[in-house]
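Please read the following points with the model open beside them. They move from charged pairs to aromatic rings, then to one helix and the overall fold.

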Amino acid sequence: MSDLTTRATAQPLTVEEAIDRMPRVGLSRGAWLALMLAFFFANYDIGVFAVSIPSMISGIGLNPADLSWPVAANLAGYAVGAYIFGHISDRRGRQLGLFLTIALLGVGGALTAVSWDAASLSFFRFLTGGGMGAVLALCSAYIGEMAPKNRRGKYLSLLYVIGGILNLIVGFASLPVLAALPSEGWRILMGFGGLVLLILPFINRRDLMESPRWLAEQGRIDEATEVVRSMQRTVGVEVARGTLAAPAHHLPDVEAERPLRTLLRPPLLWRLLTVLGFWFIFYIAMYGFSSYLPLILEGVGVSTSNALLVTVLTRGAPLIVGFIVVALIEKWERRTMIIIGTLVFALGIVLIILGWGDAWATAGSLLATAGIAFMATPAYTYTAEVFPTAARGTAASICDGLGHLGGAVAPFIILPILLGAGAVPAGATMIALLIVSALLIRMGVRTKDRSLAEISS
């Protein structure tokens with residue numbers, strides 16, 4: 001008789017225990033396809049907008065200065081949507097939160113394709129940002145809740161790698177479109193993002209089913225048991241008999257109906273400030289680096305042509321590093337990987353601003369990009385797993401959504417230093433920000449091989 005059956009006969013497993021004992025995630029192929037597409041399209045929109053800018057300027061007749069508004073509107077929508085849909089996912093369920101955020105992402109992308117001036121483009125980019133803001137955070141939280149405790153990071157990192165490969169392929173495929181249709185090609189590329197709506201039919205009782213951990217937190221144990229049984233059948237393990245037990249661990253002040261109020265009180269307030277502070281400060285440095293890398297390279301003596309070549313070369317580093325992350329994420333502490341990646345990013349900037357020539361600048365650029373790729377998946381996994389189920393959607397979305405406002409701050413911090421004082425002071429500022437963000441996340445809790453209930457308690 002299996003351990004699962006013995007435990008079920010003597011004392012029912014909790015929902016947490018039943019999931020953590022599974023050998024893998026009990027999701028259908030349709031669910032995995034939907035999650036892969038969600039990660040792909042969320043990142044696709046960000047990348048394709050950047051390469052579409054010249055075509056967009058020509059097609060609508062914009063001034064380059066006009067583009068600051070749609071970019072700012074997109075980031076503002078990101079922050080607003082992150083909170084709204086994260087809050088909905090905690091109060092009404094993961095399925096509804098995912099459905100609404102994906103629907104808005106698709107509608108916003110499709111409407112962006114029919115923009116006719118700067119004002120309409122800005123409004124539609126705000127809508128798109130509202131959908132984009134919670135997709136990655138909620139998908140990360142969803143996978144964490146559906147996965148056993150020793151599989152959360154691995155599955156998430158695999159989705160990031162696959163999404164990165166797809167985005168690289170689509171990125172190259174977009175170039176002939178823009179070349180053939182210099183004034184209208186951007187409409188095809190932006191409209192393609194509307195295909196994310198194809199995910200919506202997969203949000204059902206068979207594929208992207210409701211999170212059993214969330215159901216259990218709501219007291220809906222019978223429904224949670226049915227979902228867990230379905231997951232057990234999918235992975236081919238013996239199905240537990242009888243109804244599963246309610247969660248064994250609770251924070252006494254977790255209120256399912258008021259996730260934000262819960263997060264703003266101890267002991268969760270410190271975690272929220274720690275993780276949000278990390279993301280906000282990190283994003284100032286990351287957006288400063290990614291947005292102004294050619295200018296930084298030129299500032300240390302790299303020629304304009306070589307600076308653009310180096311910028312393109314950095315696109316390949318995340319794919320290579322992604323496979324390393326897949327191999328390590330369940331073996332190393334998540335917090336440690338975040339710190340290592342952040343400091344490697346900082347070291348890469350050091351190599352750039354030393355001014356030792358093109359070779360060192362290229363190596364530094366690749367190292368910095370590799371550092372970002374190394375910490376990204378562990379950071380998203382960590383953000384979703386350090387908060388209790390009743391407030392996880394809200395917390396993860398706030399940290400990522402408001403954290404992205406650091407990207408909006410970057411032009412007002414990094415760019416003036418870069419243009420006024422030069423590349424070296426700008427690089428030194430980013431290095432200092434990265435060290436601070438690494439110190440912040442160092443104060444977080446340990447999560448490796450611990451159940452979500454144990455981490456929350």
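1. A salt bridge here is a side-chain nitrogen of Lys or Arg within 4 Å of a carboxyl oxygen of Asp or Glu. By that criterion Arg-450 and Glu-454 are joined through their side chains, with an N to O distance of 3.5 Å. Arg-450 counts as buried, at 16% relative accessibility, whereas Glu-454 is partly exposed at 34%. Buried means under 20% relative accessible area, exposed over 50%, and partly exposed in between (1.4 Å probe, protein chains only).

2. On provenance: this is a predicted model, in which local features need pLDDT of at least 70 and side-chain atom pairs count only at pLDDT 80 or more, while totals for chains, interfaces and linings use all residues. Residues are numbered from 1 along each chain as its sequence is written, and side-chain values use heavy atoms, with hydrogens and water left out.

3. The whole structure holds 13 salt bridges. Another bridge pairs Arg-187 with Glu-184, whose closest N and O atoms are 2.7 Å apart. Arg-187 is partly exposed at 23% relative accessibility, and Glu-184 is partly exposed at 37%.

4. Glu-226 and Arg-229 also form a salt bridge, at 2.9 Å from N to O. These two residues are 3 apart in helix 10 (residues 221-235), so about one helical turn separates them. Glu-226 is partly exposed, with a relative accessible area of 43%. Helices (H or I, at least four residues) and strands (E, at least two) are DSSP runs, numbered from the N terminus.

5. A search for aromatic pairs finds 21 in the whole structure. Rings of Phe, Tyr and Trp (its six-membered ring) pair if their centres lie within 6.5 Å; planes under 30 degrees apart count as stacked, over 60 as edge-to-face and the rest as tilted. The Trp-279 and Tyr-380 pair is tilted, because the planes stand at 50 degrees, with ring centres 5.3 Å apart. This pair links distant parts of the chain: Trp-279 lies in helix 12 (residues 268-299) and Tyr-380 in helix 16 (residues 358-385), 101 residues apart. Trp-279 is buried at 3% relative accessibility, as is Tyr-380 at 9%.

6. Phe-282 and Tyr-283 make an edge-to-face pair, with centres 6.3 Å apart and 65 degrees between the planes. Both of these residues are buried. Ring pairs link a cluster whose members include Phe-39, Tyr-160, Phe-278, Phe-345, Trp-279, Tyr-380, Phe-282 and Tyr-283.

7. Among the buried residues of helix 14 are Leu-319, Val-321, Gly-322, Val-325 and Val-326.

8. Overall, the protein has 20 helices and 0 strands. The radius of gyration is 22 Å, close to the 23 Å from the globule rule for 457 residues, so the protein is as compact as a globular protein of that length. That radius is taken over C-alpha atoms, and the rule is 2.2 Å times the number of residues to the power 0.38. Of the 457 residues, 57% count as buried.
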